[in-house]
Structures are given as C-alpha cells and as structure tokens.
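This report describes one protein chain for a reader who has not seen it before. The sequence and the model come first, and the description follows.

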Amino acid sequence: KGSSSSSTQTKTVHEHLPKGKQENVVIVDDDESSLTTYESFLEHYRSSFKVKTFSRPDQALRFLIDHPDSYDLVVLDIRMAKMSGFRLFQGLKAANPHAKVLFLSALDAGPELLDIFPDIKPNQFIRKPVDRNEFIRIISEAISS
C-alpha cells in the first residue's frame, strides 16, 4: 500500500488533539516488545506525544504517585506478572483520583471487569492486538475527553 493512504489516516487521527500541546502518556506493560511498539506508534506518528514506558508495575506506580502532574494519560496492561493493571490502577487512583486511565488486554473480559470496578467505563479498554491508527485514535480521544 502507498504511503499516501496512511498519511491521510494519520491526519484524521491527529485532528483529535489540540494543536501545539504536548501530550504525556505513560504506558505500563511487562512485555518490552509491546512497550516499544506502542511507544513507536505514538511518538513516530504524533510528535506532540511524549511517552514514558515502564515494564515494572511497581516502578510505574512509584513514578505516577511521585509525579502526578507529569502525565495526561496512563495506559495499563491488565495482566502483568508482579502486579496486575487493576492493582496498579487502584494504587494510582488512591493517590490521584483524577488520573485518566486506559487498559490493554488480549482478554475480552470487559463486562466482568466493569462489574468489579464500577468507576471504569467500557471505552477505557483497548483490545490486543490493536493496530497503529486505532491505538492512536483511542489514546487521542481519551486525552481529549
């Protein structure tokens, strides 16, 4: 496929964000290759995104609590070895109740999770695998909301 179609799609995605403002996104996933992929999705196609990644949820939680004004959105993988995304979410929300959070999961467990966590909305889930344009669109809309 030619690059003209992808640049058209990217322009459409970019319209979701205010121009000129840097958007700070923290992504937490214990899979390093996933982190690299998501970071490249955002930084390569939207220069106003600044991405900080963590493969260790405990380090991410410490950073998120210590620097509450340094991020606009947090993206958490649900299944991680040392600490689940939901445990991380609970710690984050206790420290920063206004933090915007999205969840990544290969599981289609949305309805069950919404019963357990009533504060979480259906549009806060990103189903893996996700393509670049869809990922950028979801992130952009979450930050803008």
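pLDDT is the predictor's confidence in each residue, on a scale from 0 to 100. The model shown here is predicted. Its chain has a mean pLDDT of 83, and 82% of the residues reach 70 or more. Residues 1-18 have a pLDDT below 50. In the model this stretch makes 25 contacts beyond near neighbours in sequence. Where pLDDT is low, predicted coordinates should not be read in detail.

**The sheet**

Five strands form an open sheet in the order S2-S1-S3-S4-S5, and the pairing is parallel. Strand S2 (49-54) and strand S5 are at the edges with a single partner strand each, so one side of each has no neighbour in the sheet. On average, neighbouring strands of this sheet are turned by 20° against each other, with direction ignored.

The pairing of S4 with S5 is parallel and runs over 3 bridges. Ser-105 is placed opposite Arg-127 of S5.

What kind of peptide bond joins Lys-128 and Pro-129? The bond is cis, with omega at about -10°. Pro-129 lies in the loop between S5 and H6.

**The largest pocket**

The largest pocket holds about 320 Å³ of space. It is lined by 18 residues, and those closest to its centre are Leu-102, Asn-123, Gln-124, Ala-142 and Ser-145. Strand S4 (101-105), strand S5 (125-127) and helix H6 (132-144) are the elements that give two or more residues to this lining. Which element gives the most to the lining of the largest pocket? That element is H6, with 5 residues.

| Class of lining residue | Number in the lining |
|---|---|
| Nonpolar | 9 residues |
| Polar | 3 residues |

S4 and S5, which pair in the parallel sense, each give two or more residues to the lining of the largest pocket. S5 is also an edge strand of the sheet, and the loop that holds Pro-129 lies between S5 and H6.

Note on methods:
Residues are numbered from 1 along each chain as its sequence is written. This is a predicted model: local features need pLDDT of at least 70, side-chain atom pairs count only at pLDDT 80 or more; totals for chains, interfaces and linings use all residues. Side-chain values use heavy atoms; hydrogens and water are left out. On a 1 Å grid over the protein atoms alone, a cavity is a set of points where a 1.4 Å probe fits but cannot get out, and a pocket is an open set with protein on both sides within 12 Å along at least five of seven lines; lining residues have an atom within 4 Å of a point. Grid points are joined across faces, edges and corners, and a volume is the space filled by probe spheres set on the points. Helices (H or I, at least four residues) and strands (E, at least two) are DSSP runs, numbered from the N terminus. Ala, Val, Leu, Ile, Met, Phe, Trp, Tyr, Cys and Pro count as nonpolar, Asp, Glu, Lys and Arg as charged, and the others, Gly among them, as polar. Contact means heavy atoms within 4.5 Å. Two strands pair if DSSP finds at least two bridges between them. Axes are lines fitted to C-alpha atoms, for helices over the stretch in contact, and angles run from 0 to 180 degrees between N-to-C directions.
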